[in-house]
Amino acid sequence: MIFVPAQRGADAERRKSLAGLLSKRSLFAIAALCSATAVVAQVNSVGDPAETEEGIPVTDATTTQKCGGCHTPDAKGNLSRISWLRTTPEGWAQAIKRMVKLNGLQITPEESRHIVRYLSDDHGLAPDEAKPVMYLPEHRIIDETNIPSESLRGACAACHAFAQPLSWRRSAKEWKLLQEFHVALYSQADAQYRRPAVDEPGAVFGTPTPIVQKPGALPITQGSIALDYMRKTAPLHTPEWTQWTARMQAPRLAGKWLVNALIAGKGRYVGTVVIAPGGEAAEFKTQIALRSIEDGSTLTRSGSGIVYAGYSWRGRSAAAAAPSSPESLDNPTRETMWFSPDRKTAQGRWFWGSYQEFGYDVKLTRADGGPTIAAIAPYAVKAGSKGVQVHIYGDSLPTSPTVKDIDLGSGLAVTKVVSATPGEIVVSVDAAANAIAGLRDVSVGSAVLSASLPVYRKISYIKVTPETAITRLGSEKHPKGYGQFDAWGFDNGPDGKPYTADDVNVGIVPATWSVQEFQSTWFDDDAKFVGKLSPTGFFAPNSDGPNPERSNLRNNYGDVWVVATAKTEKDSFGKPLTAKAYLVVTVPAYKQWDQPEVSQ
């Protein structure tokens with residue numbers, strides 16, 4: 001799976017979008033201090049009204065012992081503040097680190113891990129609550145298109161990702177206390193909250209409603225809009241959490257899982273993850289074996305993971321060999337995955353890099369002993385093509401299938417079974433000239449992989465991903481942050497219009513790569529200094545530090561276009577299709593507020 005941001009219009013809008021994205025990424029560590037993860041030990045004072053909502057009792061002895069000194073208990077077993085909060089494992093981990101840094105909490109790593117596990121299980125998020133914001137723990141660099149109004153952007157997403165507050169559930173009082181915490185510690189937050197609101201979230205997502213100010217009334221502020229929105233959108237008690245606490249079971253994930261992975265710049269991989277029980281409940285060990293669909297190369301890894309709240313995987317894996325380069329696949333990775341409540345599928349990201357810029361987009365399918373399909377190659381089939389060899393990857397597939405056993409959907413005729421093993425079936429396929437562009441289900445007997453095989457009529461346009469990106473200069477003391485770009489082809493779909501919902505993703509297309517100047521000032525020369533782009537779309541930034549070749553000894557930072565020119569695909573005028581992405585090359589993160597060694 002690859003993230004494709006919403007199509008942008010004018011260049012100015014692109015720069016505005018990337019400026020916000022850069023702000024979020026550059027201040028990612030600061031967000032750990034000023035974001036919606038604020039949990040401060042606080043005892044109700046005389047002027048502080050008591051909670052009116054029902055809390056979630058803390059039943060773990062270690063949590064009560066380590067936290068109860070400041071977070072006062074009540075007769076129902078609630079701990080002040082904590083019992084009126086729910087969040088992700090990352091949110092609880094940040095909260096504990098904050099208690100250590102700001103409140104002098106004395107805690108061992110073992111105690112901290114125990115408390116994070118308990119709170120993530122019993123005071124966590126339901127799967128349906130966590131899924132929309134999984135891109136935050138997956139460390140994806142994306143444009144957030146889920147911010148429903150400019151007022152919310154100004155109040156909540158000027159310093160950190162909007163996913164930060166959306167990763168929490170709080171009582172109405174706790175949302176107010178969070179705002180007060182921001183105001184008390186950060187003057188900029190106070191200024192942002194006091195700004196007049198320009199709009200508010202509409203009834204339909206993406207259609208904000210203009211603010212109507214009554215004559216003589218005090219202006220409606222961004223802070224008040226944000227507080228009202230978060231109280232309604234992310235309350236402490238939700239139907240999703242109530243249902244999940246009743247359904248939650250031990251994560252029985254042991255067994256073989258089929259992998260369908262996409263790696264930017266490397267293509268697609270298939271393989272297996274064998275999950276075995278670990279030392280404690282909800283802990284697991286893994287053995288990973290992957291094979292490239294593109295060139296047949298293989299790689300193996302081993303690792304471990306832990307599952308929070310019955311569905312939320314956090315793990316690590318590594319290859320036996322030492323990493324050969326920053327972008328190589330033998331680098332150790334961190335893993336974040338969301339397992340479906342039925343424990344039959346999972347999706348997520350395995351990532352690495354000094355700025356988590358490299359990663360596998362993965363989908364897992366449980367191999368339960370019956371026929372299972374995990375992936376299809378090639379990525380798409382063109383209408384009118386003949387004798388296309390389609391590979392069906394899976395497990396326990398029939399070894400003697402007939403053409404009648406395999407169905408690839410409307411307009412695709414299986415003419416021959418080329419080969420068949422339990423893990424892979426190869427068939428020859430003819431595509432009708434009038435086949436409708438769109439996704440097809442692939443069936444082998446009772447096994448089905450829905451919406452897995454695109455059919456297209458022509459490549460109408462290409463798109464560079466990521467469409468907006470950030471890389472970082474580096475030095476001997478500060479690592480570089482790299483970038484990898486791909487060019488994807490798209491069919492306009494049945495409606496014949498580009499950039500609409502029925503467009504068909506055809507897959508990665510061969511392209512040549514170049515860097516062009518993004519004209520943002522007079523005598524702009526960033527393209528000469530920011531770094532180099534390889535023939536495969538890999539961007540390596542330049543060195544950090546003053547450059548005597550630049551005016552005023554400027555650093556090598558800047559903003560440029562990354563341009564892809566299709567090698568074979570052409571437009572209606574016979575010219576090669578082109579597309580571009582906006583790239584910001586900025587300075588290193590000179591200060592890491594949460595050093596890697598602290599997060600182990």
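The model is predicted: local features need pLDDT of at least 70, side-chain atom pairs count only at pLDDT 80 or more, and totals for chains, interfaces and linings use all residues. Residues are numbered from 1 along each chain as its sequence is written, and side-chain values use heavy atoms, with hydrogens and water left out.

## Cores

The largest nonpolar core has 39 residues. A nonpolar core is a set of buried Ala, Val, Leu, Ile, Met, Phe, Trp, Tyr and Cys residues joined through side-chain atoms within 4.5 Å. Buried means under 20% relative accessible area, exposed over 50%, and partly exposed in between, with a 1.4 Å probe and protein chains only. Within this core, I82, L152, F162 and W175 touch the most other members. Elements that each supply at least two residues of the core include α4 (89–103), α5 (109–122), α7 (150–156), α9 (172–185) and β8 (298–308). Helices (H or I, at least four residues) and strands (E, at least two) are DSSP runs, numbered from the N terminus. Another core lies apart from this one, with 26 residues, among them Y269, F339, A346 and F358.

What does L152 contact, leaving aside its neighbours within four places in sequence? Its partners are I147, A157, F162, P201, I225, A226 and Y229. Contact means heavy atoms within 4.5 Å.

## Helix packing

Two packed helices are described by the angle between their axes and the distance between the axes. For α4 and α5 the angle is about 135 degrees, and the axes are 9 Å apart. That makes α4 oblique to α5. Angles under 35 degrees count as roughly parallel, over 145 as roughly antiparallel, 65 to 115 as roughly perpendicular and the rest as oblique. Axes are lines fitted to C-alpha atoms, for helices over the stretch in contact, and angles run from 0 to 180 degrees between N-to-C directions. From α4, the residues P89, W92, A93 and I96 make the contact; from α5, S112, I115, V116, L119 and S120 do.

T63 sits in helix α3 (residues 61–67). T63 counts as buried, at 0% relative accessibility. Beyond four places in sequence, T63 is in contact with V58, G68, L79, I115, Y118 and L119.

## Strands

Four strands form an open sheet with mixed pairing, in the order β22-β30-β29-β26. Two strands pair if DSSP finds at least two bridges between them. β22 (468–472) and β26 (511–517) are at the edges with a single partner strand each, so one side of each has no neighbour in the sheet. On average, neighbouring strands here are turned by 30 degrees against each other, direction ignored. β29 (residues 558–570) and β30 (residues 576–586) run antiparallel, joined by nine bridges. V562 stands opposite A581 in β30.

Elsewhere, β19 (residues 438–444) has five of its seven residues buried, so the strand is largely enclosed by the rest of the structure. β19 pairs in the antiparallel sense with β16 (residues 406–407) over two bridges. I406 has V444 of β19 as its bridge partner. β19 also pairs with β20 (residues 447–456), antiparallel, over six bridges. Here R440 has L453 of β20 as its bridge partner. The hairpin of β19 and β20 has two residues between the strands, and G445 takes a positive phi near 60 degrees.

V427 lies in strand β18 (residues 424–431). Is V427 buried or exposed? V427 is buried, with a relative accessible area of 0%. Residues up to four places away aside, V427 touches V388, Q389, V390, I406, V414, K416, V417 and V418.

Most residues other than glycine have a negative phi, and most peptide bonds are trans. The table lists sites of the other kind.

| Site | Feature | Value |
|---|---|---|
| A377 and P378 | cis peptide bond | omega about 5 degrees |
| T465 and P466 | cis peptide bond | omega about -5 degrees |
| H139 | positive phi | near 55 degrees |
| Q356 | positive phi | near 55 degrees |

P378 is in the loop between β13 (372–377) and β14 (381–382). P466 is in the loop between β21 (461–465) and β22. H139 falls in the loop between α6 (127–130) and α7, and counts as buried at 12% relative accessibility. Q356 lies in the loop between β11 (345–352) and β12 (358–366), and counts as buried at 17%.
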